[in-house]
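Subject: Structure for you to look at, with notes

Dear colleague,

I am handing over the structure below and would be glad if you could read it alongside these notes.

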Protein chains: 4
Amino acid sequence: MAKEKVCLAYSGGLDTSCILAWLIEKGYDVVCFMADVGQEEDFEAAKAKALKIGAVACYVEDLRREFIEELCFPAVQCNAIYENVYLLGTSLARPVIARSQIKVAQKEGCVAVSHGCTGKGNDQVRFELAFYALQPSIKVIAPWRLPEFYERFAGRNDLLDYAEKAGIPVSSTKSKPWSMDENLAHCSYEAGILEDPDVTAPSDMWKLTVDPLKAPDTPEDFTLVFEKGLPKKLITSKGKTITDAVELFLEANAIARRHGVGRIDIVENRFIGLKSRGCYETPGLTCLRSAHIDLEGLVLDREVRALRDQFVTFNYAKILYNGLYFSPEREFLEESIVASQKNVNGQVRCRAYKGSFIVLGRSSETEKLYDASESSMDEIGAFSPDATTGFIAVQAIRLKKYGEAKAEKGERL
Amino acid sequence: MAKEKVCLAYSGGLDTSCILAWLIEKGYDVVCFMADVGQEEDFEAAKAKALKIGAVACYVEDLRREFIEELCFPAVQCNAIYENVYLLGTSLARPVIARSQIKVAQKEGCVAVSHGCTGKGNDQVRFELAFYALQPSIKVIAPWRLPEFYERFAGRNDLLDYAEKAGIPVSSTKSKPWSMDENLAHCSYEAGILEDPDVTAPSDMWKLTVDPLKAPDTPEDFTLVFEKGLPKKLITSKGKTITDAVELFLEANAIARRHGVGRIDIVENRFIGLKSRGCYETPGLTCLRSAHIDLEGLVLDREVRALRDQFVTFNYAKILYNGLYFSPEREFLEESIVASQKNVNGQVRCRAYKGSFIVLGRSSETEKLYDASESSMDEIGAFSPDATTGFIAVQAIRLKKYGEAKAEKGERL
Amino acid sequence: MAKEKVCLAYSGGLDTSCILAWLIEKGYDVVCFMADVGQEEDFEAAKAKALKIGAVACYVEDLRREFIEELCFPAVQCNAIYENVYLLGTSLARPVIARSQIKVAQKEGCVAVSHGCTGKGNDQVRFELAFYALQPSIKVIAPWRLPEFYERFAGRNDLLDYAEKAGIPVSSTKSKPWSMDENLAHCSYEAGILEDPDVTAPSDMWKLTVDPLKAPDTPEDFTLVFEKGLPKKLITSKGKTITDAVELFLEANAIARRHGVGRIDIVENRFIGLKSRGCYETPGLTCLRSAHIDLEGLVLDREVRALRDQFVTFNYAKILYNGLYFSPEREFLEESIVASQKNVNGQVRCRAYKGSFIVLGRSSETEKLYDASESSMDEIGAFSPDATTGFIAVQAIRLKKYGEAKAEKGERL
Amino acid sequence: MAKEKVCLAYSGGLDTSCILAWLIEKGYDVVCFMADVGQEEDFEAAKAKALKIGAVACYVEDLRREFIEELCFPAVQCNAIYENVYLLGTSLARPVIARSQIKVAQKEGCVAVSHGCTGKGNDQVRFELAFYALQPSIKVIAPWRLPEFYERFAGRNDLLDYAEKAGIPVSSTKSKPWSMDENLAHCSYEAGILEDPDVTAPSDMWKLTVDPLKAPDTPEDFTLVFEKGLPKKLITSKGKTITDAVELFLEANAIARRHGVGRIDIVENRFIGLKSRGCYETPGLTCLRSAHIDLEGLVLDREVRALRDQFVTFNYAKILYNGLYFSPEREFLEESIVASQKNVNGQVRCRAYKGSFIVLGRSSETEKLYDASESSMDEIGAFSPDATTGFIAVQAIRLKKYGEAKAEKGERL
C-alpha cells in the first residue's frame, strides 16, 4: 500500500528538520513546503537539506505579492493595530502561507499538513484555523502538541542527538537567546531572555532597523499617494516615483529601516489567554499606516471614521490576531473596509527621523470635505455664527435637565 | 437701579479687552475671570489692565491641581485620544475653567457669563455646555456670535480703533500668524497660515518642546509608577523621586520638552461638523499615556482591556472633545474607568529621545497575570499542550461549516 | 419681477393651509407637494383645496414602492429598532418624502421649501437635513420656528380666524386630543392627552390594528420567505403566494392588523434632547422584522450577527431616527448591511394571535450552518467530545489567573 | 489509604445516578450535590436515592435567593438578552450552582468535581469555567467527554443495563422526547424532536405557562416599582404589595404563567460554535425586563442608555451565555451596570394578556428628565423654537459638504 503523504511547513532549521525525519520515521511520505513572504533565507540550501533528509518533494512558493496586496494593504486601509501597539506583522503573513500550503497539499494528494509551532503560541491557532476553513477534511499533525513527540524531545539536546542519528546537518552557529519570525512587513522577537518583561531588548537584537541612536542626523522626506485608501505611489526625496505595490512597500521599508522607524516592545494578550512579551520592528508598515491615518483626517467623513474606528478597525485587528482570517466575519468586515475608503484619495508628505515618523503636510485634488475658508476663524463663511447659538441651546436641553437634577439631589458637578 | 453683572473670561489680549469695554458700554458691570491652568502668562499685568479698562473686579484662579488630578489623570487612566492622534489638551482644561468661572459668577451675583471664543470653534461649545449644566439658568453672552458685535468688529483694525478710543493699552508685539492655546498639558496652534493643511508648521512655531532635530544626542531615562492606573511616582535619571501630582506632571513635561516629545499635526473633525487643522504639543501627557498603555499590557486582563478600549476610551475622548464633560454619560464612563483600573499597578521604565518616547521595560510587584514560566515556549507549564488541540478543534467547528459552504457555492477562500 | 417660488409640503389640514395662505401673503408663488406614502387621505380633495387657497400648482407623488423597497426593507434586513422598542415608522418615510419634494422644487424652480413641522420635534430635523444634503443651496422656510409666524398664530383660534379671513375651508370635525402620522408602515400618536406618560392610550385611539382583546380567537398562520435578508414571498394560510414587495407588505399589514399585532407605547429620547411619549402601531413591519430575526438564527454566522447587532443595527436605527439618512454614514452602514445578508435565505412559518407574533418553525434549502446531527446531544458527530476538554482548559487559563489573584487579595468570587 | 473524594452535581435522574455508581466503581468516595434553584423536584427522594446508590453524603442547597438577587436582578437592570431573543434563564443559574458546588467540595475535602453535562452543550463550559475560577486547582471529571465512559454508555439501553446491575432504581415514566432544564426563572426545552428547527413545539411540552390560546379572556394588571433599576415592589390587581425579592419574582412568575407570557423559540449560537434550537419559557423575567426597559425611557439619560445598550447589555449577555460569570470582564461590566442605574427609579403599570406583556403607563416621583410641558408641541417652553434652526444649520454643515461631493461626482442620493 502506498504511504500516506503529509505536507510539512519546513524552515530548514533544527526543529522542522527533526520533525521531517520523525514524520518519515512514522511512515509518511513528506512533502516540504516553504513560503517566501520576504524573509531573509537561503531557500535553495533549505530545499537541498529537506531533500537530503528524505522529503519526497520540496516547494518554495513566492507569496510576497499576495501578502502585500491581500493582507498588508487592507490592514493599512483600516489602520489595523492590536492592543494599541502591535501592527500584526506575523498575523498578516499566516493566511497566505496557510492557503499556499493547502494548495500544495491538495496538489500532492496529502492527507495531512504539519508544522513546527509550539503548543502555547498564536501561530499554531492561526495556521490550523486557516487549514480547517480552507479544507475542512484536512488532518493536522502538530508534533509539539503530541506527548509522543514532546516527551521524546524534551530539550534542545534531544533534538541535536536525533539530528545526529538521522544525519541531519546542524549549523554550528550558536542560536540566539530569543526566537524570531521575519517577513516583508516585520521581524518579531520573543521568548528566551525577552521573557522577563523588564529586560530591555539588547541593541544587537534588532535586525531590520538601524538603532535610532545611530540613525542619520538628517531627516529623509518622501510622499505617499493613496487611492481608495490603498498606497498607490511613493515619491522619494530624490524624486523617484514607485507605483508597484511590492516595490512601493520595499521602498517604504528601506527608508524606515535607515532611520530606525517602527520598533516596539509590548506585553500582549495571546488568543489562548496567556500574556506574552514581544518586540517587533515593522518599518514600512508603520509609515504607511500613519500616513493613511493622517490622510483620513483630511478626506474621511467624521461619522464614517468613528464607526470604522470603533467597529471595523478594532475587530479586524482582533480577528487577524486570533487567526480568524478565513471566516465569515473577516469577509464581512473587509467589505465594510472597502465601503469606508471610497474617498480616501490624496497624498501625505512624510518624514523619517531617528525612530520617528512625522507628517509634514497633506492634500487631495479630488476630495473637498476640508474647506479652509469655511473652517477659518477669520471668515464668516457659509453658515452664520449665530447658528451655533441654536446648536448649543439644543445640545444644552438635556444637560440643563441633568444640572437641575444634580442640584436638586445636592450633588456637586 | 443696580447694573446687571457679567462674568467675562478674560485673557488680557486685544479681543477680550475690547469685549470688556463693549460690555461696559452695553451697561453691564463686568467681573473679569482668569484661570491659571499652567499657561505662561503675566496674570498681574492682565489683572491691572482689566481694572484699568473698567472691570469691577478681576479674579485669577489657580486651577492647576484640579486640572491635573480631575481631568488629565482620568484621561491617562483610559488612554484618551481623539481620532487616533489628538490627546485633548485643550478639551481637558475647559471643564475646570468653566466650573471656576461659574463659581465666580455665582459669588459675584452675575446674571450672565461671557467669553471671547469664535463662532466656529469647539471651545464656545465646551464652555457653554459646561455653563448650562453647572447653572441651567445662566445667560451666556458670546459677542463673536452676535451680529451687532461681529459686524462692528469685522477685522483686526476695527478692534485696534476701538481699543484706542476706549483707552485700552495695546501691546506693540506683532501677532503671530496662528492662534495658540496653552495650559499645563499642552500648547495648540491653529488658524492663520496653518489653515492650508499642506503647509508644514514652521520650526519656530513650537513653543514648549525642543525641535527633535536639535534635541540632545543622549537619551534620558526615567521611571513611572502607577497605582490603580494613576501616575503616583516619577523617578528621574538622577534618582530623584517625585510623588505630588502637579510636580510629577511638571517633571514629565520637563523631560519630554527637553527631548522634543509630543508634537503632532492633524486635520481633525470639530463637533460642529467642520474639519480643521491643528498642531499640538503635549509633552508630559504623551509620556504618561504611553507608559500607562504599556503597563496595561502587563497587568490588565485582555477582555477588560478590549471592552475598555472599544467603549470607554473611544467615548470618553469623544465626549471630552465635544464639551460634554458635565453630562450623565461622562459620569457614567468615569465610573467605568475606575472599575477597569483596579489592577493597573506597577512601573514602567521609560526613555525620551529626539522626539520619541520609548519603553525600556515594565514590572509589577503586586500583579501576577503575566507569568513568564507559563508563557515560556521552553516549559510545559500548567496546562497540557494537547489542550490546545481541543481548543482549536472547537474553534474550527464554525469555520469548517463556513469552508464547506464556500466550497459548495464555488467561492474561493 | 417674477415672484419667488416656494415648494410647501402640504397636508390639506388647517396648519399647512394657513401656512400656504401666509406664504402667498408674504409674496411667494407656492407649489404644494403631497407625498402618498400609504396614508389614508383624500388627495384629490386636498389638491382642490390647495388650488382654491391659491397654490400655483399641487403635486401628489406616489412614493409607496420606494418607501417599501428602499427604506422599510433595509430596516428589516438589519432588524432596525430604536431604544429597544420603536420600529422607526415615521423616520423611515421622511427620506423618500424629502427627496420627492426636492425633485418637485427643482422641477418648478423653487428657491425654497417649506413645511408645517413644529419646532420641538424630530421631523423638522429629518426633513431639513435631507433637504440640505439633497440640495445644499436650498432655503428652508419653517414657519413654526419663525417668531413672526408663531407669535401671530399662538393658538388654534388664531389659525381658525386666519382661515376664515383667508377663505380657507375648515372641516367641522373636532380634532382629536392627540396628533397622528400615518404611512404604509405605521401610525403614530403623540402629544395632547398622551403627554402624561402615565395615561393609558384610549382604546379608540388605535386606528390600524384591532384591539387584541377583540381580536379573533383563532390564530392565523402564514409563511415568509427571505432572500439575502429581503422578504420575497408571503404565503397566506389559504395558500395564496404574494411576491410583489408592496403587495407583500400590504398583506403582512392586513394579517397583523386583524390580530392586533404591533402596538407599542414608549417614552423615547428625541434628537434634540427632549424626552417624549409616543404610541405606535406597526403591524406588518413587526412581523417581517421578527421573522427576519428568527431566520438569522438559522442561517447567519454567530460572529457576523454579533458585529451586525452591536454596530450596524444600533447605528442604522440611530441614524434614521435622527434624520441622517442622506449621509456618508448611512451609505457606509447600508453597504455593511448588504455584506451581512448574503446567506439570509430561507423561510419562517409565522402566527399572529391576539397581539402576538409567534414563530412556528423555520427552514432553509440553501444554507447549511445549522446541522441537526452535529448539534444533537445524542450523536458524537464530527468532533470528538474530548476536544471540548481542551477548549475549556484553554479558556480557563485566563480565569485561573483571575481566581488566583482574587484569592491572594482575599476577595470573594 | 483513604479514597479520594469527588463532589458530583446530582439530579436523581438516570444519567447522574449511573455516573455516581461509576465514580464509586472507579474508586472514589462521592459526595452528591443538589442545588435548589427553584425547579420542581423531590429533593428528599433524590437524596435518599443518592445515599442508596452509595454516596457518602448528599447536600441539597437552597440557592433561590442568591439566584434571584445576584443573577436575575442584574440581568433585569441591564435588560440582558442573547441574540435578540433569549433571556438567559439557564445561564443565569449556573454561576450560583457552581459556586455552591465548589463550597461543598471544599468543605468535604474533595479533589475533584463532576457533572453529567454532555460534550456539546454550553453547560459543561459554564460549570467548568466557574469551577476553575473559583478554585484554580480543582480537577474536573466530565464523564460524557471521557471515551472510557461515553464508549461504554453509547445508548440509553447501556445506562439502563448498568442501572439494573448497580441496583439503581429506575423510574418507569417514559422519558420525554426532549430535554429540559428548569429553575425559578425559566424552563428550557431542547434536543430530541426539537432538533428539527421547523418542527413546532408541541403544545403539551410547555410546562410553566398556560397556552396563550387557553389563557383567560380577561387581562390582569399589576404595577412594578423599581429603585436603582432593581424591582422593589409588585402591586397586584387586588392591591397586594410584595417587596421581598424572591416573593416578588414568584408573584411575577405566577401572573405571567397564568397568561402565557414569556414563551420563545429560537435557533441560537452556542459558545462552542454549533447552532442549536431551543424553546424557553421565562414568565416573570420577561415582565420584569420589559417593564424595566419601559421605565428607562422615562428616567434614563439618552446617552447613558445608548452606551449601556451597545456596550454593557450586549456584552453582559454574551459573557453570561458563554459561562464567563466569574471573570474580570463580568466584574467590570457589573460595576458599569450599577453606575448606569442610579436614576432608574419609578413605577410601571403592566398588563398580562394571552401571551403578551403590555405597558399601560409609567411614572416617577423622583426623576424629572421627562418634562411634559417642555416636550409639549403646544407650548413654547424653555427654549426658543428658533434655536432649532441653528441646531439644524450646524448639523447640516457636514451633510451639505456630502451633498456637494456626491453632486460633483454625479452620484444620486
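Predicted model: local features only at pLDDT ≥ 70, side-chain atom pairs only at ≥ 80, totals over all residues.

In chain B, helix α1 (residues 14-25) and helix α7 (residues 156-166) have axes that come within 10 Å and cross at roughly 55 degrees, which makes α1(B) oblique to α7(B). The crossing of these two helices, α1(B) and α7(B), is left-handed. On the side of α1(B), the contact is made by L14(B), D15(B), C18(B), A21(B), W22(B) and E25(B), and on the side of α7(B) by R156(B), L159(B), L160(B), Y162(B), A163(B) and A166(B). Sorted by class, the residues in the contact of α1(B) with α7(B) are nine nonpolar and three charged, with no polar ones.

Turning to chain D, the axes of helix α1 (residues 14-25) and helix α7 (residues 156-166) come within 10 Å and cross at roughly 55 degrees, and α1(D) and α7(D) are therefore oblique to each other. Here α1(D) passes α7(D) in a left-handed crossing. The residues L14(D), D15(D), C18(D), A21(D), W22(D) and E25(D) of α1(D) meet R156(D), L159(D), L160(D), Y162(D), A163(D) and A166(D) of α7(D), and the classes in this contact of α1(D) with α7(D) are nine nonpolar, no polar and three charged residues.

Helix α11 (residues 328-340) of chain B packs with helix α11 (residues 328-340) of chain D at an angle of about 155 degrees, their axes being 9 Å apart. Since angles over 145 degrees count as roughly antiparallel, α11(B) and α11(D) are therefore roughly antiparallel to each other, and α11(B) passes α11(D) in a right-handed crossing. From α11(B) the contact takes in F332(B), E335(B), S336(B), A339(B) and S340(B), and from α11(D) it takes in F332(D), E335(D), S336(D), A339(D) and S340(D). By class, four nonpolar, four polar and two charged residues make up the contact of α11(B) with α11(D).

Searching the whole structure gives 54 aromatic pairs over all chains. One of them is formed by F271(C) and F391(D), with 5.1 Å from centre to centre and 65 degrees between the planes, and this pair is edge-to-face. F271(C) lies in the loop between β11 (263-269) and β12 (275-281) of chain C, whereas F391(D) lies in helix α13 (residues 385-408) of chain D, so the pair joins two chains.

How the chains are related

Chain A can be laid on chain C by a turn of 180 degrees and a shift of 0.0 Å along the axis, with an RMSD of 0.0 Å, which is the relation of a two-fold axis. The residue of chain A that comes closest to the rotation axis is S336(A), at 2.7 Å for its C-alpha. Of the interface residues of chain A, 96% are also interface residues in chain C, so the copies meet through the same surface.

Chain D is superposed on chain C by a rotation of 180 degrees with 0.0 Å of shift along its axis, with an RMSD of 0.0 Å. For this pair, 100% of the interface residues of chain D are also interface residues in chain C, so the copies meet through the same surface.

Note on methods. Residues numbered from 1 in each chain as written. Chains lettered and ligands numbered in written order. Heavy atoms only, no water. Least-squares fit on C-alpha atoms with pLDDT ≥ 70 in both. Contact = heavy atoms within 4.5 Å. Axes fitted to C-alpha atoms, helices over the stretch in contact; angles between N-to-C directions. Helix = DSSP H or I, 4+ residues; strand = E, 2+ residues; numbered from the N terminus. Parallel < 35°, antiparallel > 145°, perpendicular 65-115°, else oblique. Left-handed = near helix turned anticlockwise from the far one by under 90°. Nonpolar A, V, L, I, M, F, W, Y, C, P; charged D, E, K, R; others polar. Phe/Tyr/Trp six-rings, centres within 6.5 Å; stacked < 30°, edge-to-face > 60°.
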